[in-house]
Amino acid sequence: MNRFFGRRRTPAPTQSIVNSNVAGHMLLVSDVAGDVTVSLGERRYRYWCHPFPPPKTLTRAEAAALPSSALHPRFAVTPLVDRDTELEELRRWLDAEDRLAVMLIHAEGGHGKTRLAEHVRRELTGDRWVTRRAVHTVEDVDESATIALGEEQGLLLIVDDAHRWPTSTVETLLINQRAMIQRRPEIKVRVLLLARTTEAWWPVLATTLRDWGIPETAIRLAPPGGETARELIFDSAFAAYRELLNPPPPPQVRRREPAHYRSDLDLTSPRHASVLGIHMSALSTVHARTTAGADTVSSYLLDSERTEWAKRHNAGLVATPPHLMQRLVYLATLTRGLPRAQARALLTLAGTPDDTDILIDDHGCYYPPTETVLNPLQPDLLGEDLLALLTPGRPATAATTPPDNWVIEATHAVLRRPTPATPPHPWVAPILTTLIETASRWPHLATTLLHPILHEDPLLALCTDTTTLLRLTALPPEIPTPILQTLHHHLTEDTQHDNSAMLAALLPHRIETTTDPAHRAGLHLDYAHHLKRAGLHQQAHKATERAVDHYRDLARTDPATHQAWLANALKTLANRLGQAGRRQEALAPARESVDLYRDLVRADPTAHRAWLAYALGTLAIRLGEAGHRREALAPARESVDLYRDLVRADPTHQAQLAHALKALAIRLGETGHTREAVVRARESVGLYRELTRTDPTTHHTQLAHALDALAIQLGGAGRRAEARESAQESVDLYRELSRTDSAAYQASLAHALDTLAIRLGDAGHWGEAREPAQESVDLYRELSRTDPTAYQAWLAHALDTLAIRLGETGHWGEAREPARESVDLYRELARTDPTAYQASLAHALDTLAAWLRGKGRSPREALAPARESVDLYRDLARTDPAHRVWLAHALSTLANRLGEAGHTREAVAVARESVDLYRELVEGDSTAFRFYLAQSLWQQSVVAVGTGNYSDLRSGLAAAVEAVEVLQQLVEELPGAYDRTLQEARRSKEQAYEQLMIIRGAGS
């Protein structure tokens, strides 16, 4: 069996899943001994993988009949010149040890991407490699994907025009390859992507590949170098084409050197800036000296094609006359190949006469069908030149190919929808993509075809992808503003899909073409919003800064109109900077926004009070994240008070009040007001539940966030069972939301998972806590790769949580790596922003000190991080008493490590200080801190036993007795959460008692 992805393979009996709910992708793998069948969900793909055609030598007669065939990479008529560096890199990539790797080769059309891939593919032939080409389809394919490698040890899969593929389809292809190598570990797979551009699609795919652990490489093919390199390319191509097309001369006749024929050619001109451009000149020069423009070279080659069409028609070999064949080739080049049924429908709409099957078969006589019919004229640039030369409105040239007015009518006809509600035809995307790519070299296609088509039906542009939209907006001449406005309006009004990427592609052009300064400023804010939705936080804050600059200029000349807009833009900038990890920088715009809104409220309280409340909430969040937790309380309280007043008069402000209460709860919890924090968080959740009952779509996200915040506050108050339930509900909601838009909720889900892991650990479910902790780390690691500034701190926090959860289950060795990484990340952050990150660094050091223990490790190793953690917390507690609880915890850890290192007297003193701090905290809030007091009492008894000192043992025994009493009360209140700590405290009590009795006996 030599098929790689076989269409007609009859699957063997397999295990089935029926009447079950399966979340996400489901992979079914069978026939593992030989073929590997990979099925994703309903086995619906939008690609085929085909064997390459068998090797074929182009004959002189075939090349003379259709000269364009000599340019086709498949026949490799010309040698590969000036690509040694790229070839070596490709060979190293193929030889690497990675089992699955991806490489992108990108350049504009005609630079030799396909030719380079073909050269490498041929080198692998007979070397235990299978090579296949992946072909994107315009409709779903329902069959399974069968991989048959036999005894071969490697697979090279080549994806041409990868920039035209939806990123999700490329990801599906890669998922299938990854599943295959998991079943066949001896196989090496390489996926080679060829594309004209990297815009929009490649950064997204490259990030996904890094997240999956798949090595990715990108190579840009540079255009031919200086004149010498271009001469070498021309000379080698000319010699090859002459050898192919002209019979050898008699022995006594000496052929002229290629240099003679290029004497009148300007190889430095733009038309020779690509390898294909040089090859086309060389090919035409073999027939006749042609030194005119590139369109004339193309026209000459196309005339040769038409001559062959006429010959075969006149000989009765085909029924289709040349003028009609030209139109078929035009449509085929536009659509780039279609299934036969779609080809029939296309030809019918285009108004072609006669039997469509005859037309399709006649076309196939010149351009053979593969998995599709109506295959395009190759190479791509020659096909694009055909489109341009046949389209009216081209610049005046010496080209002999006359324009055909039919192409305008036919192109409109095959794209037109009967009604606006009718779905677009499946060939709309490839046609528009081809027209846009051609218009980048031939601008008259934009004015003659693209713009009128999109003026008639602007929404057709949405059938393409983000990359193609970017190219559309960059075309000269500029796309008419009404088309952009229609697209922008539709994408904005469409609430069923996340259109942020497409809007982000459209808005820069709209910004550039807008003459109204106020409108431009507003568009900058819109652009920032969609960049943020797409996860591009750094770009989002830059766009917001530009909006602030525009509004500041406007407010200077007309403050009455624009001051409110400036205040709003400043508030938004503060949020963008905070989300980008620039926490101290976010404070100035947040404060300025509040000041501006206060001025506005004084002038008109009714119009601006809600905005002042919102700005105060923003300031509170930014202050808290920047480490100014106590200062954040006042604006958080004022925001809640203002919203309460607003709700009394207008209940529509209820959602804003719920948000402000949630923010206040977080600020209260950070400053040690645990009881009030729980009250405010519960109120926020209650309001969101009420809102969700009437409008779940709008408020589900905020309910999930409020539940996450409530879980944190309940945990801080020692109400661990309730905290765990709230955290679990938050995670469940975010998972549900992520099913429809994973990118938008990835960060929120990661945070909720981190909270759940903490709450599970606090409730004594240490084994269960590991999985959400690890998932949170994985999600934050993925996010930090694309935007490290925004997510490095969150990754560090998640790593700290994971280390604690691993250590709690006795996996000290595994815990050390995430603990060290967390410390390293926080050190880096604290160097630039100590106010915001000193406390987090202290906590991470405390965690590292706790797990630097176990077999083969010196107890002294943990002393340095433990002492540093205590020192940092002492500094913090001097200015903010809220840090006393963490100082007490760090002291307890240091006491434990000192005891293990043999510094028993110092350990006892440190342990007593920890106990004293916890006693003070329990007096203020007995519910929240009883467990920590019991834990520190137990630690005091442990280090006391190590001293062997009678006085220390007496105080240690008393501490153990008290610890057991407190823990017994806690176990009664929350069964299962404290059992292990209670057992250890009882053991310490027994040890202290035994040691005390021994000393007493020795004394008597």
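Helices here are DSSP runs of H or I with at least four residues, strands are runs of E with at least two, and both are numbered from the N terminus. With that settled, I looked up the totals: the secondary structure of the chain comes to 40 helices and nine strands.

**Ground rules**

I am working with a predicted model, in which local features need pLDDT of at least 70, side-chain atom pairs count only at pLDDT 80 or more, and totals for chains, interfaces and linings use all residues. Residues are numbered from 1 along each chain as its sequence is written, and side-chain values use heavy atoms, with hydrogens and water left out.

**The whole chain**

I took the overall extent next: the C-alpha trace spans about 125 × 75 × 60 Å along its principal axes. I then asked how much is covered, with buried meaning under 20% relative accessible area, exposed over 50% and partly exposed in between (1.4 Å probe, protein chains only). Of the 1004 residues, 55% count as buried. For contacts I used heavy atoms within 4.5 Å. Among contacts with a separation of 6 or more, 70% come from residues 24 or more positions apart.

**Helix pair α32 and α34**

Two packed helices are described by the angle between their axes and the distance between the axes. For the axes I used lines fitted to C-alpha atoms, for helices over the stretch in contact, with angles running from 0 to 180 degrees between N-to-C directions. Helix α32 (residues 788–808) packs with helix α34 (residues 834–851) at an angle of about 25 degrees, and their axes are 10 Å apart. That makes α32 roughly parallel to α34. The cut-offs I kept beside me: under 35 degrees is roughly parallel, over 145 roughly antiparallel, 65 to 115 roughly perpendicular, and the rest oblique.

I also noted the handedness: α32 passes α34 in a left-handed crossing. A crossing is left-handed if the near helix is turned anticlockwise from the far one by less than a right angle, and right-handed if clockwise.

Which residues meet here? On the α32 side I found Ala793, Asp800, Ala803, Ile804, Gly807 and Glu808, and on the α34 side Tyr837, His843, Ala844, Thr847 and Trp851. The residues of this contact divide into six nonpolar, three polar and two charged. My classes were Ala, Val, Leu, Ile, Met, Phe, Trp, Tyr, Cys and Pro as nonpolar, Asp, Glu, Lys and Arg as charged, and the others, Gly among them, as polar.

**Helix pair α10 and α11**

I then turned to α10 (residues 322–335) and α11 (residues 340–350), which pack at an angle of about 125 degrees with their axes 12 Å apart. That makes α10 oblique to α11. The crossing of α10 past α11 is right-handed. Leu328, Leu331 and Thr335 of α10 meet Leu346, Leu347 and Ala350 of α11. I sorted the residues of this contact into five nonpolar, one polar and no charged.

Arg336 sits in the loop between α10 and α11. Arg336 is partly exposed, at 22% relative accessibility.

**Helix α15**

How many residues does α15 have? Helix α15 (residues 428–439) has twelve, and reaches 16 Å from its first C-alpha to its last, close to the 16 Å expected at 1.5 Å a residue. The expected span is 1.5 Å times one less than the number of residues. Eleven of the twelve residues of α15 are buried, including Pro430, Thr433 and Glu437.

**Two single residues**

Ser684 lies in helix α27 (residues 674–694). Is Ser684 buried or exposed? At 0% relative accessibility, Ser684 counts as buried. Beyond its neighbours within four places in sequence, Ser684 touches Ala658, Leu661, Lys662 and Ala706.

Arg312 is in helix α9 (residues 294–314) and, at 21% relative accessibility, counts as partly exposed. Leaving out neighbours within four places, I listed its contacts as Leu317, Val318, Cys365 and Tyr366. Arg312 and Tyr366 are 54 residues apart in sequence and 9.8 Å apart in space, C-alpha to C-alpha.

Most residues other than glycine have a negative phi, and most peptide bonds are trans. I noted these exceptions:

- Gln378 and Pro379 are joined by a cis peptide bond, with omega about -5 degrees.
- Pro476 and Pro477 are also joined by a cis peptide bond, with omega about -10 degrees.
- Asp82 has a positive phi of about 65 degrees, and is partly exposed with a relative accessible area of 45%.
- Arg336 has a positive phi of about 65 degrees although it is not a glycine.
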